[in-house]
Structure formats: structure tokens, C-alpha cells
Amino acid sequence: MVAVEEHFTTAAYLEVAHGLSVWPDDKTEMTFMRGLENDAALRTKLVDFEKRLQEMDLNGTDMAVLSLNPPGVQPYETESAVPLARDFNDQLAEVIKRWPTRFAGLGTVAPQDPKQAALEIERIMGPLGLGGVMIYSHTFGRYLDEPDFELLLEAAESHNAPIYLHPRAPSPQMLAPYQKYGMVAALWGYQAEAGTHAMRLILSGAFDRHPNLKVILGHLGEGLPFWTTRLDNRYAFTYRAAGQALGMVKLELTPSEYLRRNFAVTTSGMHDPEALAFCINRLGEDNVMFAIDHPYEDSTAATAFLQDADLTETQRAKISHINAERLFHISR
């Protein structure tokens, strides 16, 4: 079993990051995340690899694809974020070098500087030997479909670097309705944010320009697989009725076809057998992967869910490890 949304950090990273100023609109989110990182029990889960390996052995996880604790370096000013991303990726590569059969990794980049992010993707997929990149949704309220990020998308496609599009608190433009009732984080805001970001990429024509780009969504697709029929229907209707007035892009495929061609989803935090079966049916068994979302979900419950799921042996093998090994270039 290869788990693919498994967060970590290091004491060295936290010492630097917690001393940096944060983009003003990200202060609430970062106060929350820094509070988690300073909690003794959670911090141990994030930084102690020996204890993580013990937990993996107990729950039957053979390998974890590690990534930086959200929201990465994206809340920091460019001049700090770019070197911080590089330093973190070096630390990640050292962890994998020490335990090559137990850990793989997704590098982090600073989209604040798309040119430097593109260069870092080249380093991530080249000398560092990592399996892709994790991007934590919006950066300073901006999304990857915007023209300034084209260099980043080009680099990801050309270096065969899948982008794991990880949720975070909604951007300032959409934050207000989520600020009550605990909706701002994983209860509702996270999937709304990541799903919206994915839809912007689809509807912008990004996958017509980059047909080989692969994007991974957690939580069984942040709701999008369950909307495939309506997405296709409403895109066609809206484009026909008011596409020019709304600034819509004429797409080569339907939205659902991009979801099946350019996206994969993971089971992180979604221990629902009916939802899993639906996603396999809609997206195909080659586009679903196992994930725990360590340390924010229960590892034992996650592995038990997949082990007990009503799957064929082929499906179980693909979801538990084969798809991850292919997408993230894992050689075991």
C-alpha cells in the first residue's frame, strides 16, 4: 500500500517559516496552521520519522509519498518563499535517501515567482528525483489558470510532473460566506476552494494547451466526479446561450472528458465505499489512488477501508499502489 497525501515538515523548516511575515489575507489561516504545528502531539507526527515508520508498520502502509504540511510556502513573500521551497525540497530528498523503500515525495514550489517555480520543477523532477509537485491552491488569491502561471504549467507538463492540487482556506474573493459555523476549513471550505480551482483550469482551456498535464485532487475529487453530467450539460448550454458575454473559452472536450483524461483522485479522508465505487465508475480504475492524509486522518481507519472495500483484485492493486507508482514515478 502506497499512501500519497502524507504531510510532514522538519524542525529546521519550522524554525525559518514561523519567523516569516505572512500575506495579510492569509493571517487567519496561518494562525490556525501554526497553532497545529506547535501542538506537541501533532508536531511529533509531522517531524518524527521513526514514529511515523512505526505507525506505518502497524497499519500496513508500505510507502508514504511525503509532502510539505499545508499551505506550503505560498503565504510568504516571494523573496522568502523561493529559497524556503528549495531548502525544503533538499530536506525531503535527504529523507527519501535515508529511507528509499519507505518514502517518496512531492516537491514544493513558490508560484509567487512562476519562472523560479518552473526552474524548481525541473530540479524536483531531475537531480532531486522526486515524483511531482504539491501546490496548495491559490497564491495571494490568484489561480493557476491565470496567464502569469503559464510557465509553471509548461514546466509541469514538459517534465512529466503531476500537480497535486491541495485544498486550503478559500481565497479572499470567496472567503466571506465560509467564515461562520466552522465552514472555512476541511468541513466545507477546503473542497469548495480546490474544486473551484480545478474547474478554473478546465474551463480556461489549460488542458487544451497542456494535454499531457496531470492534476491530482484529494478527497475523491473534491466533489467534481459527482457533477460530471451536469458540468457537461451546463457548459454546453451556457456557452451556446451566453458564452461570449461571459468570456467563456471554446473547449476541445467536455469538462468530464478532461476529468477522466487529465485528473486523478485520492481517497484521503473519504472512507465511503459508495463514493469510491462511484468515482471508479466515473473516472476509471486507473485514476484513483489510496491516501491517508496523515496526520489529519486516522491511518488505521484509512487502510482498513481500502482493505475491506468491495473491489476486484485488479482494482485493489491499482488503487493501493500501481497507479501511484506510475503517476509519481516510483520504482520499488
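# Cavities, pockets and a helix pair

User: How much space lies in the largest cavity?

Analyst: About 60 Å³ lies there, in what is a predicted model. The search of the whole structure, which counts cavities of 30 Å³ or more, finds 2 of them.

User: Why is it called a cavity and not a pocket?

Analyst: The word cavity is kept for a space where a 1.4 Å probe fits but cannot get out, whereas a pocket is open. The residues lining the largest cavity are Ala3, Glu6, Arg52, Glu55, Met56, Asn59, Thr61, Ala64, Ile292, His294 and Ser299.

User: Which elements each supply at least two residues of that lining?

Analyst: They are strand 1 (2-8) and helix 4 (49-59). Helix 4 has the largest share, with 4 residues.

User: How does the lining of the largest cavity divide into nonpolar, polar and charged residues?

Analyst: There are 4 nonpolar, 4 polar and 3 charged residues. Glu and Arg count as charged, and the lining includes Glu6, Arg52 and Glu55.

User: What lines the second largest cavity?

Analyst: You will find Tyr13, Leu14, Ala17, His18, Met30, Glu37, Asn69, Pro70, Pro71, Gly72 and Tyr76 around it. Helix 1 (11-17) and helix 2 (27-38) are the elements that give two or more residues, and helix 1 gives the most, with 3. The space itself is about 50 Å³. By class, this lining has 7 nonpolar, 3 polar and 1 charged residues.

User: What is there to see in the largest pocket?

Analyst: The largest pocket holds about 680 Å³ of space. Of its 31 lining residues, Ala186, Tyr190, Gln191, His219 and Glu222 are the closest to the centre. Helix 2, helix 8 (189-203) and helix 10 (219-222) each supply at least two residues, and helix 8 gives the most, with 5. The lining divides into 18 nonpolar, 8 polar and 5 charged residues.

User: Which residues are the closest to the centre of the second largest pocket?

Analyst: That pocket has a volume of about 280 Å³. Of the 13 residues that line it, the closest to the centre are Met199, Leu203, Leu231, Tyr235 and Met248. Helix 8 and helix 11 give two or more residues each, and helix 11 gives the most, with 5.

User: How does the radius of gyration of the protein chain set against that of a compact globule?

Analyst: For 332 residues, a compact globule would be near 20 Å, and the chain has 19 Å, which agrees. Its C-alpha trace spans about 60 × 50 × 45 Å along the principal axes, and the chain has 15 helices and 9 strands.

Key
Residues are numbered from 1 along each chain as its sequence is written. This is a predicted model: local features need pLDDT of at least 70, side-chain atom pairs count only at pLDDT 80 or more; totals for chains, interfaces and linings use all residues. Side-chain values use heavy atoms; hydrogens and water are left out. On a 1 Å grid over the protein atoms alone, a cavity is a set of points where a 1.4 Å probe fits but cannot get out, and a pocket is an open set with protein on both sides within 12 Å along at least five of seven lines; lining residues have an atom within 4 Å of a point. Grid points are joined across faces, edges and corners, and a volume is the space filled by probe spheres set on the points. The radius of gyration is taken over C-alpha atoms; the globule rule is 2.2 Å times the number of residues to the power 0.38.
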